[in-house]
Amino acid sequence: MKTLIEFINEKQAEVPFATGDLTRLLNDIGIAAKIVHRDVNKAGLTNILGYEGGMNVQGEEQKKLDVFANKHFTEALQHGSQVAAIASEENDKIVVFDNPNSKNGKYVAALDPLDGSSNIEVNVPIGTIFSIYRRKSEIGEEADENDFLQPGREMVAAGYVIYGSSTMLVYSTGNGLNAFTYDNSVGLFLLSHNGMKIPEQGGIYSINEANYIYFPEGVKRYIKHCQVDDPTTKRPYKSRYVGSLVSDFHRNALVGGIFMYPGNLKKPLGKLRLLYECAPMAFLAEKGGGKASDGFHRILDIQPQSIHQRSPLFIGSKKMVEKAEKYMQDYSGEFHDTIENEGVVEV
Ligand code: AHG
Ligand code: MN
Ligand code: MN
């Protein structure tokens, strides 16, 4: 069995002149993932469930595990000194690591330390999402917000950890998608899915249908398309929605499916955050042969304007995302402009 560390080292050896910085960085993420795994696993026994008392910049109440996960991923990245600064869902502003080693870090990282917070209390899978960019500011200087405002196609690596019935770490440095399952007995992530491929077409659609009345016409019609009785195309598809992007994406990536979090005219950009939710998952989707779109544009081509910016998301099996895009373009063309104007339209 190959461990995560062995695998990362092997990958590094394939890259001429690699310095090992990215390797060390990914190792540090693996360590933070183990710490969060440990606490998620005994969450009912320790005093880690419930609310912290604070609000994050999006006005969402922070749970203790959100804050705990943020702290551990931040510390791991700061300690490693390959990363000059981080952007996180849980911090209003970027955090610039103020020490001489980190100033020389080549990379910046954007994080959703704990994804699916609403599932913590009820023992349903949650996750961590991370993405790594090469910084644009000079090495040796302080990193700044512009380092993060890069389209997703510039990403050097991305991944997620899913704390589910087993804990898994799935990542890509641009070449394929690989997944490691945590073996508690030896305390190691072991390679379990070498070169994960997302089926081109699947039989699952995932969306919070409670918002149906607010959906764009294109989404409403696409949902009806998913529900048509046509066994030759596996329809009606199954409807599955966990409420944690990581879990919904992970399931659909393995068996084939589409996850959607669209906007509506009141909130044209939807709920999910471009930098640390949509873009890293889009990077992983594409590396596994899938697709990710806001209905009109490739997610990885969107130029972020701010670190907490939102984006609609259609992600998963390539053919399913293409079909959903077609419905958006045919029936909800008005969203094209509202998305580009970043939600200035009021109803
Ligand atoms: P987070 O817990 O990091 O705030 O993210 C929750 C996100 C995402 O994981 C999930 O897909 C979505 O919110 C669910 O939203 P709804 O409850 O509106 O369906
Ligand atoms: Mn999230
Ligand atoms: Mn979160």
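A residue is called buried when its relative accessible area is under 20%, and exposed when that area is over 50%. By that cut-off aspartate 115 and glutamate 277 are both buried. Keep in mind that the model is predicted.

**Stop 1: ligand 2, a manganese ion**

Select ligand 2 and the side chains around it. Its protein donors are Asp112 (OD), Asp115 (OD) and Glu277 (OE), at 1.8 to 2.2 Å from the manganese ion. Along the chain these donors have the spacing D-x2-D-x161-E. Distant parts of the chain are linked here: aspartate 115 belongs to strand β5, glutamate 277 to helix α7 (residues 274-287), and 162 residues separate the pair.

**Stop 2**

Which residue bridges the manganese ion (ligand 3) and the manganese ion (ligand 2)? Select aspartate 112: this residue bridges the two ions, which lie 3.7 Å apart. Now show the protein donors of ligand 3, namely Glu89 (OE), Asp112 (OD) and Leu114 (O), found 2.1 to 2.2 Å from the ion. Their spacing in sequence is E-x22-D-x1-L. Glutamate 89 sits in the loop between β3 (83-88) and β4 (95-96), while leucine 114 is in strand β5, 25 residues apart. Glutamate 89 and leucine 114 are both buried.

**Stop 3: ligand 1**

Select ligand 1 with its surroundings. The shell holds 18 residues, and the closest are Asp115, Gly116, Asn208, Tyr241 and Tyr261. Then show asparagine 208, where an N or O atom of the side chain is 2.8 Å from an oxygen atom of ligand 1.

How much of the area that ligand 1 exposes when taken alone does the protein bury? Of 470 Å², the protein buries 86%. Colour by secondary structure to find β5 (107-115) and β13 (258-261), the elements that give two or more residues to the shell. β5 gives the most, with three residues. By class the shell contains six nonpolar, five polar and seven charged residues. Next, colour residues 4-193 and 204-340 separately; these are domain 1 and domain 2, and both give residues to the shell, so ligand 1 lies between them.

**Stop 4: arginine 251**

Go to helix α6 (residues 245-255), where arginine 251 lies. The arginine 251 side chain reaches the backbone oxygen of arginine 240 at 3.3 Å. A polar contact of 3.1 Å also joins the side chains of arginine 251 and asparagine 252.

**Stop 5: backbone exceptions**

Most residues other than glycine have a negative phi, and most peptide bonds are trans. Select the loop between α5 (217-227) and β12 (238-239), which holds proline 236. The peptide bond between arginine 235 and proline 236 is cis, with omega about 0 degrees. Lysine 234 lies in the loop between α5 and β12 too, and has a positive phi near 65 degrees. Lysine 234 is exposed, at a relative accessible area of 52%.

Finish at asparagine 123, in the loop between β5 and β6 (126-134). Its phi is positive, about 60 degrees, although asparagine 123 is not a glycine. Is asparagine 123 buried or exposed? Asparagine 123 is exposed, with a relative accessible area of 75%.

Methods
Residues are numbered from 1 along each chain as its sequence is written. Chains are lettered from A and ligands numbered from 1 in the order in which they are written. This is a predicted model: local features need pLDDT of at least 70, side-chain atom pairs count only at pLDDT 80 or more; totals for chains, interfaces and linings use all residues. Side-chain values use heavy atoms; hydrogens and water are left out. A residue is near a molecule or strand if one of its heavy atoms lies within 4 Å of it. A polar contact is a pair of N or O atoms within 3.5 Å; within protein, one must be able to donate a hydrogen and the other to accept it, and residues adjacent in sequence count only if both atoms are side-chain atoms. Accessible areas come from the Shrake-Rupley method with a 1.4 Å probe; for residues, only the protein chains shown count as cover. Helices (H or I, at least four residues) and strands (E, at least two) are DSSP runs, numbered from the N terminus. Ala, Val, Leu, Ile, Met, Phe, Trp, Tyr, Cys and Pro count as nonpolar, Asp, Glu, Lys and Arg as charged, and the others, Gly among them, as polar. Domain bounds come from an automatic or database domain assignment. Donors are N, O and S atoms within 2.8 Å of the metal (3.2 Å for Na, K and Ca); water is not among the atoms, so sites may look incomplete. Buried means under 20% relative accessible area, exposed over 50%, partly exposed in between (1.4 Å probe, protein chains only).
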